[in-house]
Structure formats: C-alpha cells, structure tokens
Amino acid sequence: MQKAITHKWFYDHVPEQVWEYLTKSELMAQWLMENDFLPIVGHEFQFRTRPMPNFDFDGIIYCKVLEMVPFKKLSYSWKGGPGNSKMTMDSVVVWTLEKKDHGTELLLNHSGFGEGQTAAIFAVMEEGWLKNIKKIAGLLNASTHDTSHA
C-alpha cells in the first residue's frame with residue numbers, strides 16, 4: 001500500500017517570498033538540510049544530514065528537479081537508503097503555492113512510499129516535514145522584521 005505525506009500551511013507572505021525558501025540553497029539549508037540545489041529542471045542534487053543506521057539511512061538524499069513553475073509549483077525526486085548505491089526509498093516531493101488572503105497557502109505532497117518503508121520511518125518523516133514547514137514561517141517572520149538590511 002502506498003502512502004503519502006500531505007501538509008498544508010498558510011503564510012502571511014506573498015508566494016515570491018515563500019518560493020525563495022523552497023528554491024535558494026542557502027535558505028533551504030536553514031530549514032531543511034545542507035544541499036547543492038539549483039532551481040533548474042533536470043538538476044541532480046543532494047540533501048545531507050546525519051546518518052541514521054537504525055533506519056537504514058546513510059544521511060544522503062539523492063534528488064532531481066522534475067518540474068518547476070516559478071512561484072506556483074516545484075517537484076523533485078527524493079531517494080535514499082543505507083548506502084553503497086542501494087535505494088530503499090524512491091519518492092517524489094511536490095510543493096504547490098497558491099496566493100490566498102494576502103498570503104500564500106503552501107501544500108506539500110511527498111508520495112511514493114511503498115512496502116519497504118516502515119511505519120516508524122513514515123511517522124518520523126511526516127513529523128519532520130511539519131516541523132520544517134513551521135521553520136519556514138519563523139524564518140519568514142524574522143526576515144520581515146529584520147531591519148539590519150535597511
């Protein structure tokens with residue numbers, strides 16, 4: 001049975017501001033993981049974090065930008081595993097932004113989880129995505145009130 005992680009969040013910021021946190025490598029690193037992302041369809045990149053051997057995860061997520069509609073939609077593949085080129089997770093992350101009520105509604109859909117993923121891995125990732133989406137809100141709010149650029 002395939003499962004998907006879906007989260008929806010509203011930000012009091014325009015889509016262009018939210019988009020920056022989804023597509024600028026240095027901003028993504030602040031709320032997700034270190035990466036070498038470039039906003040170019042076909043670009044292969046990695047997210048890097050600490051290995052979690054108890055989850056058969058070497059700490060590297062292999063991705064490829066699949067689709068990009070500026071300020072509206074971004075999708076990329078999301079693959080990982082225990083290392084040695086073995087992939088036990090082969091999934092897709094899709095971000096959709098919609099301008100709404102003087103802000104932006106952000107929808108995350110992370111799909112493609114199969115039988116190989118345990119309920120524990122799925123639960124950790126579902127909670128992690130929600131926590132990270134909330135981090136974007138904090139970063140956006142902090143940048144809005146940051147007067148050091150003036």
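**View 1. Surroundings of H7 in the predicted model.** H7 touches L106, L107, L108, E126, W129, L130 and I133, leaving out residues up to four places away in sequence; contact means heavy atoms within 4.5 Å. H7 sits in strand β1. Strands (E, at least two residues) and helices (H or I, at least four) are DSSP runs, numbered from the N terminus. H7 is buried, at 12% relative accessible area. Buried means under 20%, exposed over 50%, partly exposed in between (1.4 Å probe, protein chains only). The H7 side chain reaches the backbone oxygen of E126 at 3.0 Å.

**View 2. Strand β7 and its partners.** β1 (residues 3-11) runs antiparallel to β7 (residues 103-113), with nine bridges. Strands pair if DSSP finds at least two bridges between them. A4 faces S111 in β7. β6 (residues 89-100) also pairs with β7 in the antiparallel sense, over nine bridges. W95 has L108 of β7 as its bridge partner. Two residues separate β6 and β7 in their hairpin, where D101 takes a positive phi near 45°.

**View 3. The largest nonpolar core.** This core has 36 residues. A nonpolar core is a set of buried Ala, Val, Leu, Ile, Met, Phe, Trp, Tyr and Cys residues joined through side-chain atoms within 4.5 Å. W31, F47, Y76, W78, W95 and W129 have the most contacts inside the core. Helix α3 (residues 119-145) supplies its largest share, eight residues. Beyond neighbours within four places in sequence, W78 contacts residues including M33, F47, H110, M125 and W129.

**Notes.** Residues are numbered from 1 along each chain as its sequence is written, and side-chain values use heavy atoms, without hydrogens or water. In this predicted model, local features need pLDDT of at least 70 and side-chain atom pairs count only at pLDDT 80 or more, while totals for chains, interfaces and linings use all residues.

How values were computed:
Polar contact = N/O pair within 3.5 Å; in protein donor to acceptor, adjacent residues only side chain to side chain.
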